[in-house]
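Hello, and thanks for looking at this with me. Take a moment with the sequence and the structure, and then let's talk through a few questions.

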Amino acid sequence: TPISLGTNERGARIAFHEHASLRVFGEVLSKSKGQKFADHEGLTLAFAPKWHFNIGHGLWDGFYPAFVSLYQLGLDMKPFRAMVWAGWEDAVERTVPGMYGRIEQLFGSIGGLGAVGQK
C-alpha cells in the first residue's frame with residue numbers, strides 16, 4: 001500500500017532469518033538465485049528514509065535517527081557506509097532528475113565510505 005496519499009512510494013519489506021552459523025548463512029547466500037550480493041568492508045549504517053529526494057526529510061526523518069543509533073553504540077566517530085533502503089518515486093525523478101542520487105551521495109560523503117542503495 002502507498003505510504004501516503006498522492007505518492008506511489010511503498011515501504012520496504014525486510015525479512016529476518018536466523019541461521020545456525022556464519023558458514024550456513026554464506027551457503028544460503030551463495031545459493032540465492034536472481035539476487036545480487038556484494039561484500040562491503042567496514043561499518044554500514046542502514047536506514048529507510050521517506051521522501052529522501054527532499055534534503056530535510058532525508059536528513060531529519062531518515063539519516064539523523066539512524067546516526068543517533070551509531071552514537072548510542074559508541075560508533076559515531078568511525079567511518080561508515082550509508083545503506084539507503086528506500087525506493088525512488090518515478091514521478092519525482094522525472095521532475096527533479098538526479099535528486100535521489102545526489103542526496104544518497106551526500107549521505108555517503110558524511111559517512112566517509114560512500115553509499116549503497118536500491119537503485
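Q: Does G111 count as buried or exposed?
A: The relative accessibility of G111 is 6%. Buried means under 20% relative accessible area, exposed over 50%, and partly exposed in between, using a 1.4 Å probe and protein chains only. G111 therefore counts as buried.

Q: What kind of model is this?
A: Residues are numbered from 1 along each chain as its sequence is written, and side-chain values use heavy atoms, with hydrogens and water left out. Local features need pLDDT of at least 70 and side-chain atom pairs count only at pLDDT 80 or more, while totals for chains, interfaces and linings use all residues, since the model is predicted.

Q: Which residues does G111 touch, leaving out those up to four places away in sequence?
A: G111 lies in helix α4; helices (H or I, at least four residues) and strands (E, at least two) are DSSP runs, numbered from the N terminus. Its C-alpha atom is separated by 8.2 Å from that of K78, which is 33 residues apart along the chain. With contact meaning heavy atoms within 4.5 Å, the residues that G111 touches are P79 and F80.

Q: How far apart are the end C-alpha atoms of α4?
A: Helix α4 covers residues 99-111, which makes 13 residues. The expected span is 1.5 Å times one less than the number of residues, so α4 should span 18 Å. The model agrees with this, as the end C-alpha atoms are 19 Å apart.

Q: Within what arc do the buried residues of α4 fall?
A: The buried residues of α4 are Y100, I103, E104, F107, G108 and G111. They line one face of the helix, because seen down its axis (the arc is that of the directions from the helix axis to the C-beta atoms) they fall within 145°.

Q: Which exposed residues does the face of α4 turned away from its buried side carry?
A: On the buried side, the cover includes β1 (43-47), α2 (55-72), β2 (80-84), α3 (90-95) and β3. The face turned away from that side carries the exposed residues Q105 and S109.

Q: Which residue has a positive phi although it is not a glycine?
A: Most residues other than glycine have a negative phi. In the loop between β1 and α2, a residue that is partly exposed, with a relative accessible area of 23%, has a phi of about 55°. That residue is W51.

Q: What is the volume of the largest pocket?
A: On a 1 Å grid over the protein atoms alone, a pocket is an open set of points where a 1.4 Å probe fits, with protein on both sides within 12 Å along at least five of seven lines; lining residues have an atom within 4 Å of a point. Grid points are joined across faces, edges and corners, and a volume is the space filled by probe spheres set on the points. For the largest pocket it is about 1100 Å³.
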